[in-house]
Structures are given as structure tokens and as C-alpha cells.
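Please look over the structure below.

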Amino acid sequence: MKLRCIAILNRQDIPVYMRSFDDAPSEESTVKYQYLAHTSVDVIEERMANAKSSSDLYLGLLQTVGELAIYGYVLNTGARILLVISVPESVVRSAAIREIFQQIHAGYIALICNPFNEGGKLVSSKFDLIINELGRVHAA
Amino acid sequence: MEKQYKSVGEEAWKNNTEKASAELFIFTYGSLVVQLAKDYEDYSAVNKQLDKMGYNIGVRLVDDMMARTSLERCSGFSATAEVIAKVGFKLFLNVVPTVTNWSADAKEFSLILDDNPLNDFCELPPKAVADGLWYSNVLCGVIRGALEMMQMQTEVAYVRDVLRGDDVSEIRVKLVRMLDEEVPASDD
């Protein structure tokens, strides 16, 4: 399983954080991930509309586009986290994906709790470190 | 002597303290610092304000501490340092800094804080680091105010801080002189 991109959107579906782990990042790939994030949002809305219970933050596999699979996770405040991975040969355990989401969630909480954090902009070196670490472990 | 202070501090923490939410305290302090930064726009002025606020807290806090622990008069400045670290900090922040770096004339020492609860979740923006903000400067004021109530005039300042990239946080306490029966001058 190769992690390709992590994106965080706020309640209004505006991307506040986007990080891709491609070997050769290009203008085209950033645009591609932004496009994927937007299309996934529709799927999220659909899933949340007919959700049986809102207690599970993990939304599971949202869609597959070519060789990429996108997973979603909603925070209680309405923000969404999207994870793009390249489709693996072996079956991916949802527990592993869930764990990655939980690590991102924990980092996000620490970021929000920073008193110097300006509303809306996610700029934090600690959060970048966490995301880098995830990238290193899963995208290598 | 040291063991005695440590057990006094721990016992007072266990029995004579009402506990409150740590997160509430941390967030309140964080908002306070951010608001000061916005109001003054000059981080050295923020440092001074935090110190003043700490001073006002310290002059009252020391009576509270004395009421909860039945400590007798300190035998010397080194005993005072131990009381600050093992009883004062323990009672109010539940951390015990290390007392080190005594100067040759035993009038200055350092408190090394490995773990400052005020710093949880906090990340200083680059401008704050560049302009010299000491985030927990209120602690320096508290120590200064408390010692002044105990008839010691001191200068207390931060020298290192983990939020600014140093490996530990260090506060330097310097005894200027003993005050004998004088009313301490107010700060402003």
C-alpha cells in the first residue's frame, strides 16, 4: 500500500491542507489531487446523508479512480480528511487505514489547540512533522 | 532537608489542593498571551506585562502556599530554592524543576523545567521567536513576587525555552538583596 496524498478540507469543503507524497511532484499532480478531493466530497456528502449513525468517524473507501483509492474520515466539527493511496496488490486492512486517520486526527487536534493558530490556516511545523513521518512509513 | 521539602510538597499536593481542569487553564493562558500579543504588537512589551501579572499573582500566591504547608523559615537561600522547586511548583503546577547552576557566591541559581504544562500544544510563530517572546514569563513574575513577600529582592528571568528551540527551559533567579522590614515598592 503506497500512500499518495493526504488532504484536509474544512466544513465548507475548502481545502486547508494538502500534502502529496509523489516522487516527482508536479503542477499536474497537485491539480489532480485537488480534483480528486473535490469529487470525493460529493461521495462524502452522500455517505453522511444516509448514515445510520454518526458515531463512526471513519467513512471507509469512498471511490477508486484508476489506480488510486480514496478513503474518507470526518471529524466531529465537520472537517474532512481524505487519504489517497495507490491500489495495492494485496487486500488492505481497514484497521491500518483507520490507524493512519487516527494519527492524523491526533495531530490535527494538537494543531488546533495551539493558541497562536489563526483560524482557517493550517500552518504548523509539528503537524508537518507528523505528516512527514506518516509519509515516510507508508509511502516508502 | 531535601527529602523533607519533597514530601511536604507531595503531601500538600495530594491532600490540600483542589484540582481543576488542566486544559481550561492552558487554553486560558494561551488566549491571554495571544491577546496580549495582539494588543501590544511588541513582544518585549508582552514579556513585561506577563512579568507584572506574575508579580501580582506571586505576592498573593505565597500566602496561599504558606497556609497549606506548615513550613518554617528557610535557613538560607539554597533552602529557599528547594522550597520554590519542590513545594511551590509542585503545589501549583504539579511539576518539580531541578535546581542547578549555583553561582560562586550562592546568590544565583537556575531552575530547569523539563516539562512545563503551560507549553502543551503551543507553537510559537516565527515572529514571536525572532522578537524574543518568553511564553511562560508569568512564572518569572510569580517567583519574583513571592520572594519579595518573603523579604528578598530578586531578578528572575528566562534564559532558555523549549518553545524557542532550546533543549530545556531554564529560569535564572538572582538574589539582589534582602529587604529588612521595608514595604516593597509596587511595580508601576
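## Helices on the chain A sheet

In this predicted model, helix α1 (residues 27-49) of chain A lies across β1 (2-9), β2, β3, β4 and β5 (80-86) of chain A. Helix α1 runs at about 130 degrees to β3(A).

Helix α2 (residues 94-112) of chain A also packs on the sheet. Helix α2 touches β1, β3, β4 and β5 of chain A. Its direction makes about 135 degrees with that of β5(A).

## The chain A sheet

Now the sheet itself. It is open and has five strands, in the order β2-β1-β5-β4-β3 (chain A). The pairing is antiparallel. Strands β2 (15-20) and β3 (58-65) of chain A each have a single partner strand, so one side of each is left without a neighbour in the sheet. From one strand to the next, the twist averages 20 degrees.

Take one pair. β3(A) and strand β4 (residues 68-74) of chain A run antiparallel and share six bridges. Within this pairing, Gln63(A) stands opposite Ile70(A) in β4(A).

## The chain B sheet

Chain B has an open sheet of four strands, ordered β1-β2-β4-β3 (chain B). Here too the pairing is antiparallel. At the edges are β1 (98-100) and β3 (152-160) of chain B, and each pairs on one side only. Neighbouring strands are turned by 25 degrees against each other on average, direction ignored.

β3(B) is joined to strand β4 (residues 169-178) of chain B by eight bridges. Val156(B) faces Val173(B) in β4(B), standing opposite it.

## A helix on the chain B sheet

Helix α6 (residues 137-149) of chain B lies across β2 (108-113), β3 and β4 of chain B. Helix α6 runs at about 165 degrees to β3(B).

Notes. Residues numbered from 1 in each chain as written. Chains lettered and ligands numbered in written order. Predicted model: local features only at pLDDT ≥ 70, side-chain atom pairs only at ≥ 80, totals over all residues. Heavy atoms only, no water. Pairing = 2+ DSSP bridges. Helix = DSSP H or I, 4+ residues; strand = E, 2+ residues; numbered from the N terminus. Axes fitted to C-alpha atoms, helices over the stretch in contact; angles between N-to-C directions. Contact = heavy atoms within 4.5 Å.
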